Every structure is written in C-alpha cells, then in structure tokens.
Amino acid sequence: DAPRRLPPPEREARRARQATELRGLVLTGEYECSHGLVDKAVQMIEDNCIAYVPVDECNKRESEMGHEKKDKTLKTDGRGFVRESTSDQKVSADVTSDLKLKNAFVRRGLAFDQAQVMSFAVHENLVSLLFTEYLREAPVGFSKVSQDQLMRADREIFRRLQEKTRTGIRPGLDGTKPIDTHRQAVLDSAGVQMLLLPRPGGGVRR
C-alpha cells in the first residue's frame with residue numbers, strides 16, 4: 001500500500017522545524033524533498049520498522065511537481081471486489097553524476113530527519129563513509145570502488161540496522177533514536193567495510 005500522505009500543515013511544520021535546526025542548509029531546490037519521499041519515511045515510524053530507500057527514489061519536490069499524474073489500475077479490495085484505483089507515476093531521481101548522487105543522499109537524510117527515523121547528522125556520517133571510499137584513489141593494481149559497490153554497501157547498512165532495531169525505531173521518551181544508537185557499530189562492521197574495499201585488477205599506473 002502507498003504510504004499515508006501528510007496533511008499540508010503537518011508537512012510544513014516538519015520542514016520549518018528542520019530549517020531552524022539545520023541553518024547551514026537551504027531547504028529549497030536540490031534540497032527540498034519530494035512529498036512522496038517524506039511520506040515513505042513517516043510510514044516507517046508508523047510501522048515502527050526501518051526500510052531501505054534506494055537513492056534513485058529520493059526525488060526533489062521540483063521533479064515531483066512536474067510529474068504529478070495518476071496511473072489508473074484495477075485492484076481487488078478486501079471483500080474481493082475489483083475496483084479502479086489511482087497511483088502516482090514513479091519518477092526516478094537523477095543520479096547521473098557524483099554531485100547529483102550526493103544530493104539524492106542528502107535528500108534521503110533530510111526526509112529521515114523530518115520523520116524522526118534518524119538524525120540528519122547520523123545519516124550524513126553514513127554518506128561520508130560511502131563517499132570517502134568511493135572517491136579514494138585505489139592502490140596500484142586495484143580498481144577504484146565502483147558505484148555498484150557503494151550501492152551494495154548502502155543496502156547492507158540498512159539490512160544490519162533493521163536487524164539491530166527489531167524492537168522498533170521510534171524515538172524514546174528522551175528523544176533518543178534507536179537508529180542513531182546503532183549506526184556506528186553497523187558502519188564499523190566487517191560486512192560493510194569489505195564491500196567498500198578496492199578490487200584487484202586496476203592495472204599498473206605509469
């Protein structure tokens with residue numbers, strides 16, 4: 001099922017709170033999350049379970065506004081009747097350059113922060129690890145870490161976070177987020193680190 005849509009006043013309240021806390025970021029243009037992305041993050045809190053959101057699903061609001069059309073499909077309801085329903089057309093985020101890829105990651109972190117899934121600083125720490133290894137020069141005889149490796153490591157991080165938060169991801173009474181608590185142990189795990197190692201076969205540089 002599609003995630004519940006936030007009412008406009010609640011959506012704006014979350015964005016305004018974030019703009020106040022993250023004064024170094026201008027939350028417009030590239031850094032304005034699509035409504036669909038924020039709704040996905042909020043749904044995680046309602047389900048009390050972390051879910052993986054690939055970066056190509058992390059659209060900006062501007063792109064979403066240009067594709068707000070509905071697809072009509074036939075679905076069977078709970079009583080067995082076939083009814084016509086509408087759903088949003090899926091539009092992939094542009095990640096065709098390193099900068100656009102990084103911006104998509106930032107939007108995901110902002111959406112998670114708005115929904116209280118994890119703090120923006122914690123998500124940025126995750127992204128920093130991925131991009132540090134992705135942009136690092138490889139040793140002689142090895143290939144640089146590929147974008148495919150980066151994506152595999154990203155997915156593995158979320159798989160391990162899901163394992164460590166089986167009891168839920170909602171913030172505690174003191175505001176502590178379970179995801180924030182387990183983040184460093186996951187990033188330091190051998191399974192994640194090995195996915196970000198340069199692979200043999202890069203040839204000899206002259």
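Select C33 to begin: at 8% relative accessibility this cysteine counts as buried (buried means under 20% relative accessible area, exposed over 50%, and partly exposed in between, with a 1.4 Å probe and protein chains only). The model is predicted, so that local features need pLDDT of at least 70 and side-chain atom pairs count only at pLDDT 80 or more, while totals for chains, interfaces and linings use all residues. Residues are numbered from 1 along each chain as its sequence is written, and side-chain values use heavy atoms, with hydrogens and water left out.

A disulfide is defined as a pair of cysteine sulfur atoms within 2.5 Å. The structure holds zero disulfides.

Now move to D94, in the loop between β2 (82-88) and α4 (98-115). Helices (H or I, at least four residues) and strands (E, at least two) are DSSP runs, numbered from the N terminus. Is D94 buried or partly exposed? Its relative accessibility is 37%, so D94 counts as partly exposed.

Display the side chains around D94. The D94 side chain makes a polar contact with the side chain of T96 at 2.6 Å and another with the side chain of K100 at 2.9 Å. A polar contact is a pair of N or O atoms within 3.5 Å; within protein, one must be able to donate a hydrogen and the other to accept it, and residues adjacent in sequence count only if both atoms are side-chain atoms.

Finally, select F142 in strand β3 (residues 142-143). R199 is 57 residues from F142 in sequence, yet their C-alpha atoms are 5.3 Å apart in space.
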